[in-house]
Amino acid sequence: MGGPSWQQRADVVVIGTGVGGLAAARAARRAGRDVVVLSKAHVGYAVTATHYAQGGIAVVLPGTDDSVAAHVADTLAAGAGLCDRDAVTSIVADGYRAVSELAGAGAQFDQDLVGNWALTREGGHSRRRIIHAGGDATGAEVQRALDHAAAGLDIRHGQLVLQILRDADTVTGVLVANADGIGVIHAPSVVLATGGLGQLYRATTNPAGATGDGVALALRVGAAVSDLEFIQFHPTMLYSDAAGSRRPLVTEAVRGEGAKLIDARGDSVTAGVHPMGDLAPRDVVAGAIDTRLRETGEACVYLDARGIAGFADRFPTVTAACHDAGIDPVSQPIPVVPGAHYSCGGVVTDVTGRTELAGLFAAGEVARTGMHGANRLASNSLLEG
């Protein structure tokens, strides 16, 4: 077998163009490094999970009744005792700085009547601490801002990373397939930011590229992975019997603003299941829906949002998805089912993204920082990224 058909060099190779990847790439560039960013997607496709994130970013804002301790406690409770407390505290405490930096990069978050960032509440949270953009298009706004701020970075599309290369002690680069053939980018640092693995499931909220590539690359190069069994099912994926594996999400913020989960008879799905009812952590709500569907034999339950004033303005993304499915959420309950959503485990890192292999880093959903434990708290994902 012959050698590579092309070779290049860089200081840092980042694999992935969502919030984790672009945040890492921008940080490396600010540090004066020569950075190459690789995406297996072709130009013009909204392929990152970041783009599809609806609800918002969980963050403790100064001057509110919230606290880092309260956010940490909610995260630990949702994670079913399997979070790393130090990792959770580190990430939550740094949240306001990170979000402020994102706003400085151009992200525009929704404001209340006096000009402060508007806050909503989601499942598992004891406070209203979720900032959002475009009503329910937070991820799209974060992606837009980061794409704009990444102008000038060497971002290459249509690049399939086949293997991370290493010697005895450290990373040495990546093996890449593209239109020019199979080649090597020599680099002492590689950042995995490849997202999740929802496409392994029949129905998922994840985009087509979420096929677990990062975990596979890490395993092949000998890096540790952990908690892969903890796949979060979002309780409210829009139900459809149409073909196609990616299904629209109905953001948890809809329940945060007062929508109720009911079955076909109109009975509450979560009554008596958890003290927080419809705003219990996601694993609890998804489990309650699954139990009810098994009992009734129905295909879905319903999210009754008819009591939310100005629904179409507050939730334009959900409204559009419902209309595409022939549903008017203002006058009809929304049919929903749980769907594969978020991988809580992944490549083992510390809170700075370092793995046990020198030169290999991981960020975002592909990383197992210890933040999420067995179940991610709503809107902690963009925060972590």
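Reader: What do the buried residues of H11 pack against?

Author: In this predicted model, the buried residues of H11 pack against S13, helix H10 (311-314) and S16.

Reader: Which residues of helix H11 are called buried, and what makes them so?

Author: Helix H11 spans residues 316-324, and its buried residues are Val318, Thr319, Ala321 and Cys322. A residue is called buried if its relative accessible area is under 20%; these four are therefore under that cut-off.

Reader: How do you know that the buried residues line one face of H11?

Author: Seen down the axis of H11, the buried residues fall within an arc of 165°, so they line one face of the helix. After H11 comes Gly326, with a positive phi near 80°.

Reader: Why are S13 and strand S16 said to pair?

Author: Two strands pair if there are at least two bridges between them. As for one of the partners, Met237 has its bridge partner in S16, namely Val337.

Reader: In what order do the four strands form the open sheet, and why do S13 and S14 stand at the edges?

Author: The order is S13-S16-S15-S14, with antiparallel pairing. Strand S13 (231-238) and strand S14 (260-262) each have a single partner strand, so one side of each is left without a neighbour in the sheet. From one strand to the next, the twist averages 45°.

Reader: Which helix packs on the sheet, and which strands does it touch?

Author: Helix H9 (residues 282-296) packs on the sheet and touches S13, S14, strand S15 (301-304) and S16. The direction of H9 makes about 60° with that of S13.

How values were computed
Residues are numbered from 1 along each chain as its sequence is written. This is a predicted model: local features need pLDDT of at least 70, side-chain atom pairs count only at pLDDT 80 or more; totals for chains, interfaces and linings use all residues. Side-chain values use heavy atoms; hydrogens and water are left out. Helices (H or I, at least four residues) and strands (E, at least two) are DSSP runs, numbered from the N terminus. Axes are lines fitted to C-alpha atoms, for helices over the stretch in contact, and angles run from 0 to 180 degrees between N-to-C directions. Contact means heavy atoms within 4.5 Å. Buried means under 20% relative accessible area, exposed over 50%, partly exposed in between (1.4 Å probe, protein chains only). The arc is that of the directions from the helix axis to the C-beta atoms.
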